[in-house]
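This report describes the fold, the surface and selected local features of the model shown below. It opens with a question about residue contacts and then treats the two chains.

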Amino acid sequence: DSGVTQTPKHLITATGQRVTLRCSPRSGDLSVYWYQQSLDQGLQFLIQYYNGEERAKGNILERFSAQQFPDLHSELNLSSLELGDSALYFCASSADPPSSYNEQFFGPGTRLTVL
Amino acid sequence: DAKTTQPTSMDCAEGRAANLPCNHSTISGNEYVYWYRQIHSQGPQYIIHGLKNNETNEMASLIITEDRKSSTLILPHATLRDTAVYYCIVSTNAGGTSYGKLTFGQGTILTVHP
């Protein structure tokens, strides 16, 4: 158990819909990262937040957005869903402020299926 | 971040050492080598990291060549539970412009046989 929790575990929805994935980082971790894992693209970094502020952006689509709240939990919002958005979405957290090494703790993931 | 090259798959007998190679010939001076693994669609798990020197922890050892262009992850006594995809990642510390994002390649599928 990494200490990172993600809800829901599974999500099945239809094309065109909007969903919200939730992540609670390990206690005390300030950084939250979102990754997408699909069969054809592998594990890809989407976005990072540090203490409520966006720090880095990867290949995140404009239809996707994220935020980190004052209690440090994070949400990833996916809208206008397409079949290709079906994937495992992982959240990770780390203890950095940006001076420590990059050990990230991953949650169990949310499996999104778009029908 | 520097790109890494790993074999697609490897096999290992239970109880033997598993040696997983990784090439990172374009690594720069401030980049660390990290190893993570992913067991069957679970979240990736950190194993070990290093900069120049060899490192060992309770899970594995990491051997980095002197020129830092390649490394080897060693699982000293592989068990069936070590069957997983192993990712070699080169990344700056979070203090770099990448701010800690991990760039995963395809990894090596390690299968440990009884």
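Leaving aside its neighbours within four places in sequence, with which residues is Ser79(A) in contact?

## Basis of the description

This is a predicted model, in which local features need pLDDT of at least 70 and side-chain atom pairs count only at pLDDT 80 or more, while totals for chains, interfaces and linings use all residues. Residues are numbered from 1 along each chain as its sequence is written, chains are lettered from A and ligands numbered from 1 in the order in which they are written, and side-chain values use heavy atoms, with hydrogens and water left out.

## The surroundings of Ser79(A)

Beyond its neighbours within four places in sequence, Ser79(A) is in contact with Gln17(A), Arg18(A), Arg63(A) and Phe64(A); contact means heavy atoms within 4.5 Å. Ser79(A) belongs to the loop between strand S8 (74-78) and strand S9 (87-94) of chain A. Helices (H or I, at least four residues) and strands (E, at least two) are DSSP runs, numbered from the N terminus.

Is Ser79(A) buried or exposed? Ser79(A) counts as buried because its relative accessibility is 18%; the class buried means under 20% relative accessible area, exposed over 50%, and partly exposed in between, with a 1.4 Å probe and protein chains only. The side chain of Ser79(A) also reaches the backbone oxygen of Arg63(A) at 2.8 Å, and Arg63(A) is one of the residues listed among its contacts.

## Overall architecture of chain A

Chain A contains 0 helices and 11 strands, and along the sequence its pattern reads β-β-β-β-β-β-β-β-β-β-β. A compact globule of 115 residues would have a radius of gyration near 13 Å, and the 13 Å of chain A agrees with this. The radius is taken over C-alpha atoms, and the globule rule is 2.2 Å times the number of residues to the power 0.38. Along the principal axes, the C-alpha trace of chain A spans about 40 × 30 × 25 Å.

Of the 115 residues in chain A, 52% are buried. For contacts in chain A with a separation of 6 or more, 55% are accounted for by residues 24 or more positions apart. Chain A carries 8 positive and 12 negative side chains, with the centres of the two sets 4 Å apart. Lys and Arg count as positive and Asp and Glu as negative, while His and the chain ends are not counted; each charge is placed at NZ of Lys, CZ of Arg, CG of Asp or CD of Glu.

## Overall architecture of chain B

The secondary structure of chain B consists of 0 helices and 9 strands, in the order β-β-β-β-β-β-β-β-β. For 114 residues, a compact globule would have a radius of gyration near 13 Å, with which the 13 Å of chain B agrees. The C-alpha atoms of chain B fill a box of roughly 45 × 30 × 25 Å along the principal axes.

In chain B, 47% of the 114 residues are buried. Among its contacts between residues at least 6 apart in sequence, 58% join residues at least 24 apart. The accessible surface of chain B is about 5700 Å², and 49% of that belongs to carbon and sulfur atoms. The mean positions of the 8 positive and 9 negative charges of chain B are 4 Å apart.

## A buried tyrosine in chain A

Tyr33(A) lies in strand S4 (residues 31-38) of chain A and is buried, with a relative accessible area of 0%. Its side chain makes a polar contact with the side chain of Ser94(A) at 2.9 Å. A polar contact is a pair of N or O atoms within 3.5 Å; within protein, one must be able to donate a hydrogen and the other to accept it, and residues adjacent in sequence count only if both atoms are side-chain atoms. Tyr33(A) and Glu54(A) are 21 residues apart along the chain, and their C-alpha atoms are separated by 9.9 Å.

## Backbone features

Most residues other than glycine have a negative phi, and most peptide bonds are trans. Thr7(A) and Pro8(A) are joined by a cis peptide bond, with omega about -10°. Pro8(A) is placed in the loop between strand S1 (5-7) and strand S2 (10-13) of chain A.

Leu72(A), a residue other than glycine, has a positive phi near 80°. Leu72(A) is in the loop between strand S7 (64-68) and S8 of chain A and is buried, with a relative accessible area of 15%. In chain B, His40(B) has a positive phi of about 35° although it is not a glycine. His40(B) is found in the loop between strand S3 (31-38) and strand S4 (45-50) and is exposed, with a relative accessible area of 73%.

Methods: Accessible areas come from the Shrake-Rupley method with a 1.4 Å probe; for residues, only the protein chains shown count as cover.
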